[in-house]
Structures are given as structure tokens and as C-alpha cells.
Amino acid sequence: MAADRPVSGLADELVDHRFKALPPDAEGLTVGALAAERRNLFTGGFTTPVLALSAESVEHNLALLETYAERHGLAFAPHGKTSMSPQLFARQLEHGAWGITAAVPHQARVYRAYGIRRIFLANELVDAAALRWLARELDSDPEFRFICYVDSVRGVELMDEALRAAGASRPVDVVVELGAGEGARTGARTEADCAAVADAVAATGTLRLVGVAGYEGEVPEASGERVRRWLRRLVALAVDFDRAGRFAASGERIVISAGGSAWFDAVADVFAEIPGLSAPVLKLLRSGAYVSHDDGHYRHLTPFNRVPEEGALQPAFRLWAQVVSRPSAEQAFLNAGKRDAAYDLDLPEAQVVRSGRDGAVRAAAGVSVSGLSDQHTWVRTEPGAELEVGDWVGMGLSHPCTSFDKWQLIPLVAADGTVTDYIRTFF
């Protein structure tokens with residue numbers, strides 16, 4: 001069984017060269033001791049570039065999705081791949097999360113190391129070594145609940161073989177994944193394929209079918225109508241399986257799961273239509289990007305744009321970099337690049353400038369990011385734009401998943417610039 005490390009123990013880690021941007025004079029302090037000093041991000045000795053996470057925005061976003069899930073009768077297992085932060089997992093659980101979603105075995109191992117009792121692996125799992133580890137975890141902890149996808153007869157055979165070889169005493173709970181369409185990602189493509197997978201599960205003694213699931217974000221040419229049509233297929237599959245007596249008669253709820261960060265409003269709508277089944281239904285939403293939101297991809301895609309009466313998420317990330325070169329009136333370079341900023345979906349967005357002379361903050365008028373090198377941000381400046389060497393530029397980022405993964409220790413910063421904590425990540 002994985003050792004349950006208390007999240008509070010992360011405060012005992014020593015500050016050293018492993019962690020970007022932290023004050024050089026803090027070397028040798030523990031993370032907790034540095035947090036207790038409540039240094040200011042701008043005057044407390046931090047080096048640039050430095051990624052900051054807004055304490056107020058994170059708390060707002062956690063509370064908003066908790067309320068949303070409760071309002072719509074949804075259980076919530078936010079995808080932990082976004083942050084890979086046990087501290088944020090703990091906060092999500094405190095805000096009512098049923099469990100935490102993972103994508104690969106390593107993530108599940110991190111979760112277990114920090115005591116997560118319910119893990120939904122939104123992926124197929126056919127790795128024999130990982131299945132041996134899983135069998136040990138399940139056998140040693142009766143309170144541990146684990147669910148993963150299956151989408152092929154061959155995958156079921158591999159799971160069964162590995163679990164039997166491991167001497168597993170508890171069956172692994174699985175959900176049949178319905179693919180979102182031809183050319184989409186994983187998942188059995190037809191209802192007949194799903195039934196064949198369910199039959200294969202029933203023929204084993206090591207697996208237990210507890211529901212159906214999928215990811216609506218992979219629906220080809222996704223629109224509200226197409227996504228809802230696919231979600232109704234998923235619900236109908238669950239209804240058909242239930243009528244056929246395919247789900248394990250274990251007293252557990254029947255699991256029906258979907259929901260990324262772009263279409264959870266459609267999930268809420270369609271899951272509200274689920275008819276009565278032979279057991280209560282766990283309507284499991286898995287959106288993960290909400291915890292930090294962003295200033296690009298998800299700002300445009302968030303369902304709250306379509307249902308503004310339900311609230312609005314707040315972007316929580318800001319990457320601060322310093323102007324290190326101003327070779328012409330139209331160009332400047334900052335000391336952050338691809339190693340520091342997400343760039344897979346959109347370039348960073350210049351938002352504010354903090355004067356290197358007096359610390360005054362102003363809007364980044366006439367300042368835009370035109371490209372990224374490994375360690376430089378290419379900035380274009382319009383005529384009259386105020387920007388000089390030594391200024392700090394605060395940038396919004398797009399795509400939370402590839403923002404978190406570039407930083408092992410991220411300052412959690414209050415609106416006045418006070419660093420209140422440090423968020424540890426494990427990628």
C-alpha cells in the first residue's frame with residue numbers, strides 16, 4: 001500500500017536550485033518557512049521569469065465548480081493531470097470532489113502517495129507492471145476505489161492475465177468507453193463493440209463492469225447538438241446494459257461519466273435526463289482545467305460563456321518576465337520562453353507592465369507577444385508604447401495543463417503581491 005504522505009509534509013521540503021525563480025537568499029529554508037515570511041513577489045527577491053498563481057482566483061474557481069456540480073446533481077472527479085498538485089487535490093476534495101481523475105499509472109501513484117481514496121483513470125490500462133501495482137493497492141486498502149476504461153476484448157484479456165498473475169483478490173472496476181466517433185480518440189466505436197467488451201469483462205473473475213464513460217471533447221466537429229447527440233448515445237448504452245443485467249450487482253452505483261472543460265454544460269443537460277436504472281447512478285463529471293482557468297483556449301471555450309447566469313471562471317495564472325533587451329522602437333525581448341510558458345495552443349498575452357524604476361503598474365498598451373524562443377519572449381511594440389529594459393511584463397497564459405507542468409514549485413500570490421504559499425507539482 002502506498003504511504004499516505006500528508007500534504008502538509010510538502011512544507012518541509014528544502015528550497016534550493018531545483019525550483020525556478022525562488023529567492024536565492026532563501027536557499028536552505030524549508031518551503032513552509034519561506035511561505036511564513038510572506039514575501040512580496042516583486043520586492044522579495046524572486047528572480048524572473050516567475051509564474052504566479054492567484055490565491056483569490058483559485059479559491060473562486062474551486063467554489064464555483066463545487067456549486068455547479070451540486071446544482072446539477074453531478075459527482076465531480078476533476079482531472080488531476082492539469083495540476084498534478086496534491087495541495088490542489090486536497091482543496092478540490094474539500095470543495096466536494098468525489099475523487100480525482102488520472103490518465104496514466106504514474107499519476108495514480110502520485111495520488112495514492114498523498115492518500116487519494118477514489119481514482120477514476122480516464123484511459124485504458126493494459127500495462128502488466130502497473131496492474132501488479134494496482135492489485136497490491138486494492139488488496140491492501142479496502143477503502144481504495146479505482147475505476148478505469150476498457151474498450152477492447154484484447155485489452156480485457158491483457159488485464160485479466162496480469163491480474164491473475166498478480167494474485168489479485170479484489171476485482172478491478174471498469175467502465176466501457178464509448179468512442180466519440182470515427183477518427184476520434186480511444187473508445188469502442190459501436191454499441192455492438194461495447195457489448196463485446198462487456199461480455200469479455202463478464203467472462204473474467206478479475207474485472208467488474210460498473211458503468212460506461214467517454215469524452216465528448218473528441219466528438220468530430222463538435223457543436224452543442226453533436227455533443228448532446230453523442231452523450232445521449234452514452235446514456236442509452238448504459239440503459240441497454242442495465243436492462244441486460246450487465247452491471248455488477250454489488251450495491252455500488254452505476255457509473256456514467258463524461259465531461260471535459262469545454263462541454264460540461266451539455267453533460268449536465270443530458271445527464272439530467274438519465275432515467276431510473278436498477279441502481280442509483282453516479283453521474284461523474286471530470287473537468288480539470290477550471291482550477292486555474294486561462295487567458296486563451298479555455299477563456300473562449302468555457303461553457304460559462306453559454307450560461308453566464310451560472311457564474312464565470314477567473315484566470316489564475318500570470319507569468320512575469322523582465323525586459324532584457326530593447327533593440328529597436330518596435331521590438332523587445334523578455335527573459336521567459338518555451339521552458340516557462342505554455343505555447344501549444346496560444347502564445348502568452350501581454351497584460352500589464354510593472355515599471356522597473358518605481359514599481360508602478362499599467363496596462364500593456366501597444367505591447368504584444370509575437371513569438372517564443374526557448375528562453376526569450378519576442379515582443380512587438382507599437383509607436384508610443386512605454387517599455388524599457390528592466391520593466392516586468394505580466395502575461396496571461398493559454399492551456400493550464402502545459403502551464404503547470406513547467407514549474408515544480410509555484411508561488412500562490414494574493415492580490416497585493418504577498419506570496420501566501422507554494423504549490424508543488426509532480427509531473
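**Figure 1. Tyrosine 68 in the predicted model.** Tyrosine 68 is buried, since its relative accessible area is 1% and the cut-off for a buried residue is under 20%. This view, like those that follow, is taken from a predicted model. The structure holds 14 aromatic pairs, and one of them is formed by tyrosine 68 and phenylalanine 264. The ring centres of tyrosine 68 and phenylalanine 264 are 5.1 Å apart, and the angle between the planes is 70°. The arrangement is edge-to-face, because the angle is over 60 degrees. Tyrosine 68 belongs to helix H2 (residues 55–71) and phenylalanine 264 to helix H9 (residues 264–271), so this pair ties together parts that lie 196 residues apart in sequence. Phenylalanine 264 also counts as buried, with a relative accessibility of 1%.

**Figure 2. The aromatic pair of tryptophan 320 and tryptophan 392.** The rings of tryptophan 320 and tryptophan 392 form a tilted pair, with 6.4 Å from centre to centre and 55° between the planes. Tryptophan 320 is located in strand E10 (residues 317–328), whereas tryptophan 392 is located in strand E16 (residues 392–396); the pair therefore ties together parts 72 residues apart in sequence. Tryptophan 320 is buried, at a relative accessible area of 5%. Tryptophan 392 is likewise buried, at a relative accessible area of 9%. Together with Phe42, the residues Trp320 and Trp392 make up one aromatic cluster.

Figure 3. Histidine 399 is found in the loop between E16 and helix H11 (401–404). With a relative accessible area of 14%, histidine 399 is buried, because this value falls under the 20% cut-off. The side chains of histidine 399 and aspartate 344 are joined by a polar contact of 2.6 Å. When neighbours within four places in sequence are left aside, the residues in contact with histidine 399 are Asp294, Tyr298, Ala342, Asp344 and Leu345.

How values were computed:
Residues numbered from 1 in each chain as written. Predicted model: local features only at pLDDT ≥ 70, side-chain atom pairs only at ≥ 80, totals over all residues. Heavy atoms only, no water. Phe/Tyr/Trp six-rings, centres within 6.5 Å; stacked < 30°, edge-to-face > 60°. Helix = DSSP H or I, 4+ residues; strand = E, 2+ residues; numbered from the N terminus. Buried < 20%, exposed > 50% of the residue type's maximum accessible area, 1.4 Å probe, protein only. Polar contact = N/O pair within 3.5 Å; in protein donor to acceptor, adjacent residues only side chain to side chain. Contact = heavy atoms within 4.5 Å.
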